Amino acid sequence: MNKNTRGTIEMTTAMVISGTLGWFVLRSGQPIIDLLFWRCVFGAAALLVVCTAMGMLRGKLSIRLFCWAALGGAAIVLNWLLIFASFSRASISIATAVYNTQPFMLVALSALFFGERLTATKLTWLGVAFVGVLLVVQAKPEASYTGTAYVSGVLMALGAAFFYAVAAIITKKLSGTPPHMIALAQVCVGILMIAPFANLSALTAEGRVWGSYIVMGVVYTGLVFVLLYGAIQKLPTHVAGALSFVYPIVAIGVDMVAFDHRLELVQGVGAAAILTAAAGLNLGWSLKRSKAPAVE
């Protein structure tokens, strides 16, 4: 099996597993804070085993890099907290679609902190995504997702996208550091952040609950991170970008099958606009040939 084929299988598997995350969170029935805490605990255990096996713990992490990794970990934890909370308020489909605005936030932050150019094409796709978000917010949701809860769910998904972009920017600052080590540092920071709020005084003996925690940490964190980072190292950027859209497609499909949630017409148009714009940005699609100067 060649490198590209293996990378494609790894990336696709990671995205399919990630696409079922919303279903798992809602079906587990566990408080979000507890779910996140044990996700970090068991995720750290899984990543520690991987990092040890790959010999990544022999190198030294400078104070500066550790501080950046800690800041990235805080951003990732806030990202998880907001996206998990958005599922029950705006539905998995809507939350996932809105969450896919994160490439545009990454572009904006890259322009702000790294001086990367904002081209006319990027701004056009940004406009398409913005219209998509407006359509989603203005749409009349299903009866089970109504009023201010729906709007707050959309805003939470946007907040989650922002903190994901922040974490991605920080990861750029850590170039040269093995990504598995970065992920390990992030979940360790997550343990420290969430521990004061988690319900640790009366731990349950129920096997189903602990099973949920272990699956969340080992599968949805450890395994997904290993597959994702392994694929990114093997695949060309445009292929990895294209395969990343397996995630929202699976998530929307799972929402329809597991919860019988159907998007209203306007919601569907808005979600399609967001995902199309994100694909256009990631894959470098150009709407038209233009000699318009880039915006510095």
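This is a predicted model: local features need pLDDT of at least 70, side-chain atom pairs count only at pLDDT 80 or more; totals for chains, interfaces and linings use all residues.
Residues are numbered from 1 along each chain as its sequence is written, and side-chain values use heavy atoms, with hydrogens and water left out.

The interior is considered through its nonpolar cores, a nonpolar core being a set of buried Ala, Val, Leu, Ile, Met, Phe, Trp, Tyr and Cys residues joined through side-chain atoms within 4.5 Å. Here, buried means under 20% relative accessible area, exposed means over 50%, and partly exposed lies in between, for a 1.4 Å probe and protein chains only. The largest nonpolar core has 63 residues, of which M11, I83, F84 and M216 touch the most other members. Its greatest contribution, 10 residues, comes from helix α10 (residues 207–234); helices are DSSP runs of H or I with at least four residues, and strands are runs of E with at least two, numbered from the N terminus. Another core, of nine residues, lies apart from it and includes V107, A277, A278 and L281. In soluble globular proteins, nonpolar side chains tend to be buried together. Beyond its neighbours within four places in sequence, M216 is in contact (heavy atoms within 4.5 Å) with L21, F24, V25, L35, R39, F84 and T221.

Helix α12 has 14 residues and reaches 19 Å from its first C-alpha to its last, close to the expected 20 Å, where the expected span is 1.5 Å times one less than the number of residues. Its buried residues are Y247, P248, V250, A251, I252, V254 and D255. Among the elements that cover them are α1 (3–19), α2 (21–28), α5, α11 (237–243) and α13.

A search of the whole structure finds four salt bridges, a salt bridge being a side-chain nitrogen of Lys or Arg within 4 Å of a carboxyl oxygen of Asp or Glu. In helix α1, E10 and R6 lie four residues apart, about one turn of the helix, and their closest N and O atoms are 3.3 Å apart. E10 is buried at 11% relative accessibility, while R6 is partly exposed at 47%. R6, E10 and K234 are linked in a network of salt bridges. R208 also pairs with E206 (3.4 Å, N to O); R208 is partly exposed at 48%, as is E206 at 40%.

In helix α3 (residues 32–53), D34 is buried yet has no salt bridge, and R208, the nearest side chain of opposite charge, is 12 Å away. For this comparison, Lys and Arg count as positive and Asp and Glu as negative, while His and the chain ends are not counted. The side chain of D34 instead reaches the backbone nitrogen of N199 at 2.9 Å.

Two residues other than glycine with positive phi values lie in loops. S91, with phi near 85°, is placed between α4 (63–90) and α5 (92–99), and is buried with a relative accessible area of 0%. D260, with phi near 55°, is found between α12 (246–259) and α13 (265–283), and is exposed at 53% relative accessibility. The side chain of D260 also meets that of R262 in a salt bridge (3.2 Å, N to O), and R262 is partly exposed at 41%.

How values were computed:
A polar contact is a pair of N or O atoms within 3.5 Å; within protein, one must be able to donate a hydrogen and the other to accept it, and residues adjacent in sequence count only if both atoms are side-chain atoms.
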